[in-house]
Amino acid sequence: PVGKVWCIAKPSVDEVTLMGNIVYACGEGGVNCAAIQPGGACFKPNSLTAHASFIMNLYYQRNQRNWWTCHFNNTGLVVFTDPSKFYIFCANGANS
């Protein structure tokens with residue numbers, strides 16, 4: 001895709017699924033998840049949706065921003081507006 005794009009968690013996703021997305025991206029997905037740990041650069045906003053969105057976006061950016069790398073079993077959403085502007089996740093993320 002041309003331009004800036006991000007991957008975020010759909011607002012309707014339940015906490016168990018969000019946690020599963022984080023576990024996958026931080027484990028098998030190879031994403032460094034230190035930023036969302038307490039004291040990390042992106043711990044705030046401190047919500048599971050914000051943390052999952054941040055990590056899902058890191059995974060998406062790391063994998064060439066292909067639509068399928070934001071799928072997360074139909075729980076991810078590609079957006080064209082910087083999510084940090086709406087406090088969906090911190091501005092220190094891997095934004096394209």
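Reader: What pattern does the protein chain follow along the sequence?

Author: Read along the sequence, the pattern is β-α-α-β. That comes to 2 helices and 2 strands. Helices (H or I, at least four residues) and strands (E, at least two) are DSSP runs, numbered from the N terminus. Before going on: this is a predicted model, where local features need pLDDT of at least 70, side-chain atom pairs count only at pLDDT 80 or more, and totals for chains, interfaces and linings use all residues. Residues are numbered from 1 along each chain as its sequence is written, and side-chain values use heavy atoms, with hydrogens and water left out.

Reader: What share of the contacts comes from residues 24 or more positions apart?

Author: Among contacts with a separation of 6 or more, such residues account for 73%. Contact here means heavy atoms within 4.5 Å.

Reader: Switching to rings. How many aromatic pairs are there?

Author: A search of the whole structure finds 4 aromatic pairs. One of them is Tyr 24 with Tyr 59: the ring centres are 5.7 Å apart and the planes are at 65°, so the pair is edge-to-face. The rule: rings of Phe, Tyr and Trp (its six-membered ring) pair if their centres lie within 6.5 Å, and planes under 30 degrees apart count as stacked, over 60 as edge-to-face and the rest as tilted.

Reader: Where do Tyr 24 and Tyr 59 lie?

Author: Tyr 24 lies in helix α1 (residues 15-26) and Tyr 59 in helix α2 (residues 48-62), so the pair ties together parts that are 35 residues apart in sequence. Tyr 24 is partly exposed, with a relative accessible area of 32%. Tyr 59 is buried at 13%.

Reader: Which ring pairs with Tyr 59 at 5.5 Å?

Author: That is Phe 72; the planes of these two rings are at 65°, so this pair is edge-to-face. Tyr 59 is in helix α2 and Phe 72 in the loop between α2 and β2 (76-79), so the pair ties together parts 13 residues apart in sequence. Phe 72 is buried, and so is Tyr 59. Tyr 24, Tyr 59 and Phe 72 form one aromatic cluster.

Reader: Next, His 51. Buried or exposed?

Author: His 51 counts as buried, at 8% relative accessibility. His 51 is found in helix α2.

Reader: What does His 51 touch?

Author: Leaving out residues up to four places away in sequence, His 51 touches Ile 22, Ile 36, Cys 42, Phe 43, Pro 45 and Asn 46. Met 19 is partly exposed at 40% relative accessibility.

Reader: Pro 45 was in that list. Where does Pro 45 lie?

Author: Pro 45 lies in the loop between α1 and α2. The peptide bond from Lys 44 to Pro 45 is cis, with omega near 5°.

Reader: Then which phi value does Asn 73 have?

Author: Phi of Asn 73 is near 55°, a positive value in a residue other than glycine. Asn 73 lies in the loop between α2 and β2 and counts as exposed, at 71% relative accessibility. Asn 74 is found in the loop between α2 and β2, and its phi is near 65°, again positive. Asn 74 counts as partly exposed, at 48% relative accessibility.

Terms used. Buried < 20%, exposed > 50% of the residue type's maximum accessible area, 1.4 Å probe, protein only.
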